[in-house]
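The following paragraphs are intended to be read alongside the sequence and the model. Please keep both in view while following the account from one element to the next.

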Amino acid sequence: MTEIPKNHPRYESLMTREQIAAGVDKGMTSRQGLIAQGRGEAFDYLIGEKTTESADYAEAVAVCLLLLAENPVISVNGNAAALAPAGLVTLARLTDAKLEVNLFHRTEERIRKIIDELKENGADVVLGENAEPLLPLEHERAKVERTGIYDADVIFVPLEDGDRCKVLSEMKKLVIAIDLNPLSRTAQTAHVSVIDNLKRALPNMIRMVPEFKSMNKEDLWEIVQAYDNNIVLMDAIETIKENLTARQNEILGIGRNEKDGGRKKTNDPRQKERMKRNEETARKVMMRGGDLMME
Ligand code: PTJ
């Protein structure tokens, strides 16, 4: 493992990479999982690498659903097992959910290694070894356990691929997904889409459990029924747009040094030249913004 200094500006992100790489070395995470992590990282960057208000809301609704469920299951893949094994076990324990390993790039060896990892992190029972092809899918994710995912009424799927999410929804199961990409098929198909990093979402959800556990079922249903997933998806996309615009403005120098009444004055002719070009770009960007608003 590469030693990452704590004061590195990208410390968290680099450590997460190390965790995923360690997952591959242990034989739990697929090589493709490295690519999935990269995609997630890019979306996390665009979202601002923090839990947004709407993600926090989706996480609260996810907790309510897990507590209301009769047979909740947390589905674990190679990435989730590498990033947050202890968190997954804790959430399962607190919500009485079963843990089941379900893999896209399934090998029996990886299934066993992930089960061992979850057990090392305190899980008693982990399903996944006795899976049968019970879901109408052409790939390995079709293999689920009858007493686990197949019978579940609420399924929590961190870092899913869209296919199974759709099939589970069609089987009238309620699906909670964690996916940093609000445009993914998973995020678009799940009933509750948590657009957040698994590493932030899980501890946040765990913190919320006691509060929701102390409420009665009617109140929890009220929270769930008032929830609209489209708003959460829209908000995530809006956050990305806002972050991009803020970055664009920063590059253009718009809104900088507001206390001084705008941009810093300069006497450097080269700087002045650059600012002129920036103003031209700024004009174009504004026009493009106007066009987009008209669309
Ligand atoms: O372990 P396996 O064999 O089941 O394979 C697991 C992966 C993740 C490789 C497989 O399911 C896959 O290929 O997934 P996708 O289609 O790449 O989707 C993964 C999604 O998770 C992407 O939309 C990423 O943006 C998102 N993602 C990646 N890392 C994180 C994440 N979302 C939340 N937190 C993360 N840390």
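In helix 7, which spans residues 162-170, the buried residues are R164, C165 and L168. Viewed down the axis of helix 7, these residues fall within an arc of 105°, so they line one face of the helix. Their packing partners are strand 5 (154-158), strand 6 (174-178) and helix 8 (185-189). Just after helix 7, K172 adopts a positive phi of about 65°.

The coordinates come from a predicted model, and its confidence should be kept in mind. The mean pLDDT of the protein is 89, and 86% of the residues reach 70 or more. Over residues 260-264, however, pLDDT stays under 50, and for this segment the model has 5 contacts beyond four places in sequence. As a whole, the protein contains 12 helices and 7 strands. It comprises 295 residues, of which 37% count as buried. Among contacts with a separation of 6 or more, 64% are between residues 24 or more positions apart.

Helix 5 covers residues 85-95 and includes R93. Its buried residues are P85, G87, L88, V89, L91, A92 and T95. These pack against several elements, including helix 3 (53-68), helix 4 (78-83), helix 6 (108-120) and helix 9 (198-213). Strand 1 (72-76) and strand 2 (98-101) are also among the elements they pack against. Is R93 itself buried or partly exposed? R93 has 15 C-beta neighbours inside 10 Å and therefore counts as partly exposed, since a residue needs 20 or more to be buried. The C-alpha atom of R93 is separated by 8.2 Å from that of A123, which is 30 residues away along the chain. Just after helix 5, D96 takes a positive phi of about 55°.

Strand 2 presents residues in two directions. K98 and E100 point one way from this strand, while L99 and V101 point the other way, and all are buried. In a regular strand, side chains alternate between the two faces of the sheet.

Attention may now turn to the ligand. Which residues come nearest to the ligand? Of the 25 residues around the ligand, these are A36, G40, N77, G78 and H105. The elements that supply two or more residues to this shell are helix 2 (31-47), helix 4 and helix 9. Helix 2 gives the most, with 7 residues. By residue class, the shell divides into 9 nonpolar, 12 polar and 4 charged residues.

The loop between helix 2 and helix 3 holds G48. With 13 C-beta neighbours inside 10 Å, G48 counts as partly exposed. Which residues does G48 touch, leaving aside those up to four places away in sequence? They are T239 and N243. The C-alpha atoms of G48 and T239 are separated by 8.3 Å, although these residues are 191 residues apart along the chain.

Terms used. Residues are numbered from 1 along each chain as its sequence is written. This is a predicted model: local features need pLDDT of at least 70, side-chain atom pairs count only at pLDDT 80 or more; totals for chains, interfaces and linings use all residues. Helices (H or I, at least four residues) and strands (E, at least two) are DSSP runs, numbered from the N terminus. A residue is buried if 20 or more other C-beta atoms lie within 10 Å of its own, exposed if 12 or fewer, and partly exposed in between; C-beta atoms are placed from the backbone. Two residues are in contact if their C-beta atoms, placed from the backbone, lie within 7 Å. pLDDT is the predictor's confidence in each residue, from 0 to 100. The arc is that of the directions from the helix axis to the C-beta atoms. A residue is near a molecule or strand if its C-beta atom, placed from the backbone, lies within 6 Å of it. Ala, Val, Leu, Ile, Met, Phe, Trp, Tyr, Cys and Pro count as nonpolar, Asp, Glu, Lys and Arg as charged, and the others, Gly among them, as polar.
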